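Please view the sequence and the model before reading the points below.

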Amino acid sequence: MKSTMKILKVCNRLAQHGVAVAIGAITLLSGCTWDHIEPDTCFESQVLPIFVTYCSTTGCHNANDRANGYDLTNYNGIMRGVTPKNVAGSEVITAMGALSEEKMPPSGFPQPSSDQIATLKSWVRAGAANSVNCSTVGCDTAATVSYSADIQPMMQTYCNGCHGGASPSAGLNLSDFTTVKQTAQNGRLPGSMAGDPRYKAMPPSGNLLSSCYVDKINKWVAAGAPNN
């Protein structure tokens, strides 16, 4: 692939020979390919939680049930349905956008957001690396924590696959602001995420959360848990 600098030099030289040749330069440019740089996407903290939350509930793609032979709670299991750098050839990704009976999660179950699906596609296009120990959440103690920008996306990624929809697990719907506020203020939500022995650890498949997430919830609660 020609670099941008080389192309510009070619254009400059061609431009000196008149409009007719410049048209040839346009044709040259139209036939070139360009680098498409994907943002860094962390498997451990951004990709795996989406699969665990939306695909590994009871009876589905977890280590015990392995529906259709898939365990989507770990990297190797997910890679059975992923072709690096090829979204269209990655079954576990295309199923999320399907409009047929093959759609996953099935209709009627909580669905990942368009942003979450975009995250999965970005990860695949970048090579589907098993990246770990990569921090994606800032813990700026001076920053204001907002429900819409911080808490709600956290619930969507880590909780709503189980605790959402028409029949949320344990009757706890964490896609609802009032429920999130109540469980945050009574300590149940941050306690479960932090592994406090007084509460059932969440997510149940393992500790996928950094202490930063818990710090954000506690700071939001300290501010009165506003719907901001």
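Neighbours within four places in sequence aside, T41 is in contact (heavy atoms within 4.5 Å) with Q46, V47, T119, S122, W123 and S131. The model is a predicted one, in which local features need pLDDT of at least 70, side-chain atom pairs count only at pLDDT 80 or more, and totals for chains, interfaces and linings use all residues. Residues are numbered from 1 along each chain as its sequence is written, and side-chain values use heavy atoms, with hydrogens and water left out.

**Overall make-up**

- The chain has ten helices and zero strands; helices (H or I, at least four residues) and strands (E, at least two) are DSSP runs, numbered from the N terminus.
- Of the 228 residues in the chain, 39% are buried, where buried means under 20% relative accessible area, exposed over 50% and partly exposed in between (1.4 Å probe, protein chains only).
- Among contacts in the chain with a separation of 6 or more, 60% come from residues 24 or more positions apart.

**T41 and the pair α3 and α6**

- T41 is located in the loop between α2 (19-30) and α3, and T41 counts as buried because its relative accessibility is 14%.
- The axes of α3 and α6 (residues 114-125) come within 10 Å and cross at roughly 125 degrees; axes are lines fitted to C-alpha atoms, for helices over the stretch in contact, and angles run from 0 to 180 degrees between N-to-C directions.
- This angle makes α3 oblique to α6, given that angles under 35 degrees count as roughly parallel, over 145 as roughly antiparallel, 65 to 115 as roughly perpendicular and the rest as oblique.
- On the α3 side, the contact is made by F43, Q46, V47, I50, F51 and Y54, and on the α6 side by Q116, T119, L120 and W123.
- The residues of this contact of α3 with α6 comprise seven nonpolar, three polar and no charged; Ala, Val, Leu, Ile, Met, Phe, Trp, Tyr, Cys and Pro count as nonpolar, Asp, Glu, Lys and Arg as charged, and the others, Gly among them, as polar.

**Helix α10 and its surroundings**

- Helix α10 (residues 211-222) has twelve residues and spans 16 Å from its first C-alpha to its last, close to the expected 16 Å, a value taken as 1.5 Å times one less than the number of residues.
- C212, Y213, V214, K216, I217 and W220 are the buried residues of α10, and their cover includes α3 (43-55), α7 (147-158), α8 (177-185) and α9 (188-194).
- The axes of α8 and α10 are 10 Å apart, and the two helices pack at an angle of about 95 degrees; α8 and α10 are therefore roughly perpendicular to each other.
- F177, V180, K181, A184 and Q185 of α8 meet I217, W220 and V221 of α10, a set that divides into six nonpolar, one polar and one charged.
- Q182, found in helix α8, is partly exposed at a relative accessible area of 47%.
- Q182 and V221 are 39 residues apart in sequence, and their C-alpha atoms are 9.7 Å apart in space.

**Backbone features**

- The peptide bond from M104 to P105 is cis, with omega near -10 degrees, and P105 is in the loop between α5 (91-94) and α6.
- A128, in the loop between α6 and α7, has a positive phi near 55 degrees although this residue is not a glycine, and A128 is buried at 1% relative accessible area.
- Just after α10, G224 takes a positive phi of about 100 degrees.
- A225, in the segment after α10, has a positive phi of about 50 degrees without being a glycine; A225 is buried, with a relative accessible area of 1%.
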